[in-house]
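Keep the structure in view while reading.

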Amino acid sequence: MKKINWMDVYFILVTIIYGLWRIKVYWARFL
Amino acid sequence: MLCVWVSQGSAKNIVSGWLKGEWRESSFFSRIFLATGAVMAFGILFCALYAALLPPHLVQESDALNYHYTLPRQHLILNSFQHIRWSSADLFPLPLQFALAPYWFVTALPNKFPQFLFLLGIMMVVCRLTRRFRAGRLAVAALALFAVLGSHNVGIQMGTAMLDLVICYLFLASLDSFLDGNIALAAVEFSFFFWSKSFVPFQMILITAVMFLSFKALRVFDFRMISWGVGRDIVLPEAREYFSRSRKFLFAVAALSLLIGGPFVAKSLYYSGTPLYPFGAGLLKFNEGQGSVLGQPLGEAAKSHIAMKNKYGSGRSAGDFLKHFWFIAVPEEGVNNKYDYPVGLPYLLCVGPFLYFLCRSFSRKIFPVIPVFVAVYWLVWWTGTQQTRFLYIPIILMCVVVISGLKEPSFIFQGAVLLALLLNLASVTRAHRGDWGLEPVQTLREQDRSLVALNGSYVRQEQRGYVDLAFGDAAFAQFPVNATVEKLPFIIRY
């Protein structure tokens, strides 16, 4: 399996945080 | 553009060559990525095309209805270039609007199809630039294309009448034409870009000066090599060629500016005492009958236009600067944020590697032209109106530089780009689905429907002369309009 480098860690973190942020804002709109 | 490219057989040759070469050698995951990305990209473009076939009516098209469409149409109706005295925006440089007006108003209702063609143009230029910096690989170009199409701020203007994507295309196309050696075309594209908005000349001159001075300063620290992006360095014979092209380019832009920007500069000088209204209104006096602009409606409107600068963003402190790298990308409340449009995930994916590549170039004593341009452009943007619609150029260039600079884009990066495409497909669909199945006239605002009805009675009754209206966003009017109710900064009393 190909090694994950620091850029991949960055991409994963950014995508997860972005996704969670979008969910938070989306949820707040409907509360 | 598209027809010329296709008719030259370029598209057919590239696609058939790619199918025989790269596609055959690509892995199963790459094929899935390309196929999935292509399906979502077509979905986004289909929504944008459908929206582009309708007349302007959306809330995000307010500037287009306010002055991009209204003013050229009024000038065509009046058959005159003279200042429309109730409009302060009439003193803005409007060559782009005047150039597009014959296409906008050729249909029964004003259309926005040209803007969709420019969106396709951005896609083609992104592919060309990425292939240029990454030695012809189509899969990498497709990745850059998906990143741009997956950007939320691009999605917001797709299929609309707004002109920021058109302006972005003009700059990117100018860069592409310059790199291709087509100086005449590069100069035409850049001249229309240069005169597209009042602040662009200041912005471009400042960016050029800062880049030149920083290059000179860095040479003291033994910076000798230059590169366009993060790929190979520019060797001396190429550098001489680019320098020679630059001189011809600047001469051509200066000459074309007399034709393209000249009439608008002259009008602005005559009526408001500045070549680039609203900046410096009243500084000079060219009109004998003109008193001091300051205190007059034009002066008040100029102040109001400039004050819009602080309407966006969350401040200008060092902390705000650091935070903005995140907050421009995400919605805050509802769908927008303090910077107007959220930029989206592809920018966030690219900004980290971009900063890394920039620092790496500096550590190797290489001056990377496009990354430095992006950084300086960003800093100049920070000091002005902090709206993300003015960041199309640096963000798209950032994506091109990063994607062409990655040794081998990982499946994680590709997966994140696909996610961005999916989110943008959902956004674009949600934004435009309310208009699906409606007749064009059914999508119009109530005010615009009444203008269309008024057109009919104006012609039937063989009326002549101005019609007084309480508003100035009269893009659908086929008669001369006099806006009577002041609404700063766009509508002034005179």
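A pocket is an open set of grid points with protein on both sides within 12 Å along at least five of seven lines, and its lining residues have an atom within 4 Å of a point. The model discussed here is predicted.

## The second largest pocket

The second largest pocket holds about 1,300 Å³ of space. Its lining is made up of 29 residues, and those nearest the centre are Thr208(B), Met211(B), Trp228(B), Ser246(B) and Val369(B). Five helices of chain B each give two or more residues to this lining: H11, H12 (183-194), H13, H14 (236-260) and H19 (369-383). The biggest contribution is that of H13(B), with eight residues.

By residue type, the lining of this pocket has 25 nonpolar residues, three polar ones and one charged one.

## Cavities

The structure also contains three cavities of 30 Å³ or more.

Nine residues of the lining of the largest cavity are nonpolar, two are polar and three are charged.

## The nonpolar core

The largest nonpolar core numbers 168 residues, and Met204(B), Tyr347(B) and Leu397(B) have the most contacts inside it. Helix H11 of chain B, residues 164-180, gives the largest share of this core, 12 residues.

What does Met204(B) touch, leaving aside residues up to four places away in sequence? Its partners are Phe171(B), Phe190(B), Phe193(B), Phe194(B), Phe373(B) and Tyr377(B).

## Where the two chains meet

How many residues does each chain bring to the contact? Chain A brings 16 residues and chain B brings 27. Between them, about 1,900 Å² of area is buried, and carbon and sulfur atoms give 75% of this area.

On the chain A side, the residues that lose the most area to chain B are Phe11(A), Tyr18(A) and Trp21(A). Together these three residues account for 32% of what that side buries.

Conventions:
Residues numbered from 1 in each chain as written. Chains lettered and ligands numbered in written order. Predicted model: local features only at pLDDT ≥ 70, side-chain atom pairs only at ≥ 80, totals over all residues. Heavy atoms only, no water. Core = buried A, V, L, I, M, F, W, Y, C linked by side-chain atoms within 4.5 Å. Buried < 20%, exposed > 50% of the residue type's maximum accessible area, 1.4 Å probe, protein only. Helix = DSSP H or I, 4+ residues; strand = E, 2+ residues; numbered from the N terminus. Contact = heavy atoms within 4.5 Å. 1 Å grid on protein atoms, 1.4 Å probe; cavity = no way out; pocket = protein on both sides within 12 Å on 5 of 7 lines; lining within 4 Å. Points joined across faces, edges and corners; volume = space filled by probe spheres on them. Nonpolar A, V, L, I, M, F, W, Y, C, P; charged D, E, K, R; others polar. Buried area = accessible area lost by both parts, 1.4 Å probe.
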